[in-house]
Amino acid sequence: ETVYQDLALVPQLTVAQNLFLNREITLFGKVGWLSAGKMRRLAKKYLEDIKVEIPDIDAEAASLSGGQRQAVAIARSLLGEPSVVLLDEPTAALGVVQTKQVLNLIRTLRERQLGVVIISHNLADVFDVADRIIVLRLGGRVATFDVHGVSAEDVVAAITGAEFGAAPDELEEPS
């Protein structure tokens, strides 16, 4: 499953409705009335299971903090029980408190033995939750590091091309 940077939540829908969007539970199988009560109960239990604190399961997504919206989007991706979750810039534009919430959720995913791939420019977050760092530049992998055996300076050098002695203009894509 993938959680995109824009989250793809519907602001006017509740937390439970967003979690089950396109995975609605009905009363009579594939065709029937939506089982809103069951979806609410399952949403609440599911969020508790992955340690996500949302004060009101009936709150509209628009009323949630950035970290809470990110947590709902991540939780939604887990409903299909994937083995790997790809998170695109999961802490972009979040404050300190919300970033901490999302990083704690990522740790919870790891504890559940899920593969978690994070695309991020925030090296502090990457070093906080990653085991391995893969640096891509100009569409290709240029370096792979064990997070415990590398410094942020080494990673930045790989990102910028400095470890190859490349001048900045040499790193531009060819016309």
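Buried means under 20% relative accessible area, exposed means over 50%, and partly exposed is what falls in between, using a 1.4 Å probe and counting protein chains only. By that scale Asp-49 is partly exposed, at 42%. What you're looking at is a predicted model, where local features need pLDDT of at least 70, side-chain atom pairs count only at pLDDT 80 or more, and totals for chains, interfaces and linings use all residues. Residues are numbered from 1 along each chain as its sequence is written, and side-chain values use heavy atoms, with hydrogens and water left out.

**Salt bridges**

- The structure has six salt bridges, each being a side-chain nitrogen of Lys or Arg within 4 Å of a carboxyl oxygen of Asp or Glu.
- Side chains of opposite charge can pair when their charged atoms come close.
- Helices here are DSSP runs (H or I, at least four residues), strands are E runs of at least two, and both are numbered from the N terminus.
- Lys-45 is partly exposed, with 47% relative accessibility.
- Another bridge brings the side chains of Glu-111 and Lys-51 together at 3.3 Å, N to O. This pair ties distant parts of the chain: Glu-111 belongs to helix α4 (residues 96–111), Lys-51 to the loop between α2 and α3 (66–78), and they are 60 residues apart.
- Both Glu-111 and Lys-51 are exposed.
- Arg-107 pairs with Asp-128, their closest N and O atoms lying 2.8 Å apart. Here too distant parts of the chain are linked, with Arg-107 in helix α4 and Asp-128 in helix α5 (residues 123–129), 21 residues apart.
- Arg-107 is partly exposed at 26% relative accessible area, and Asp-128 is partly exposed at 39%.

**Helix α3**

- α3 runs for 13 residues and spans 19 Å from its first C-alpha to its last, close to the 18 Å expected at 1.5 Å a residue. The expected span is 1.5 Å times one less than the number of residues.
- It's a mostly covered helix, with 11 of its 13 residues buried.
- The buried residues of α3 pack against β1 (2–3), α1, α2, β2 (84–88) and α4, where contact means heavy atoms within 4.5 Å.
- Gln-70 lies in this helix and is buried, with a relative accessible area of 5%.
- Setting aside neighbours within four places in sequence, Gln-70 touches Val-3, Leu-7, Glu-89, Pro-90, Thr-91 and Val-102.

**Helix α6**

- Val-155, Ala-157 and Ala-158 are buried in helix α6 (residues 152–160). They cover an arc of only 160° around the axis, so they are on the same side of α6. That arc is taken from the directions from the helix axis to the C-beta atoms.
- The buried residues of α6 pack against α5, β4 (132–137) and β5 (140–146).

**A nonpolar surface patch**

- Leu-27, Phe-28 and Trp-33 make up a nonpolar patch on the surface, with about 410 Å² of accessible area together.
- Patches take residues with over 30% relative accessible area and no salt bridge, joining like charges within 9 Å and nonpolar side chains (Val, Leu, Ile, Met, Phe, Trp, Tyr) within 5 Å. Areas come from the Shrake-Rupley method with a 1.4 Å probe, and for residues only the protein chains shown count as cover.
- Trp-33 sits in the loop between α1 (15–19) and α2 (36–49), and is exposed at 63% relative accessible area.
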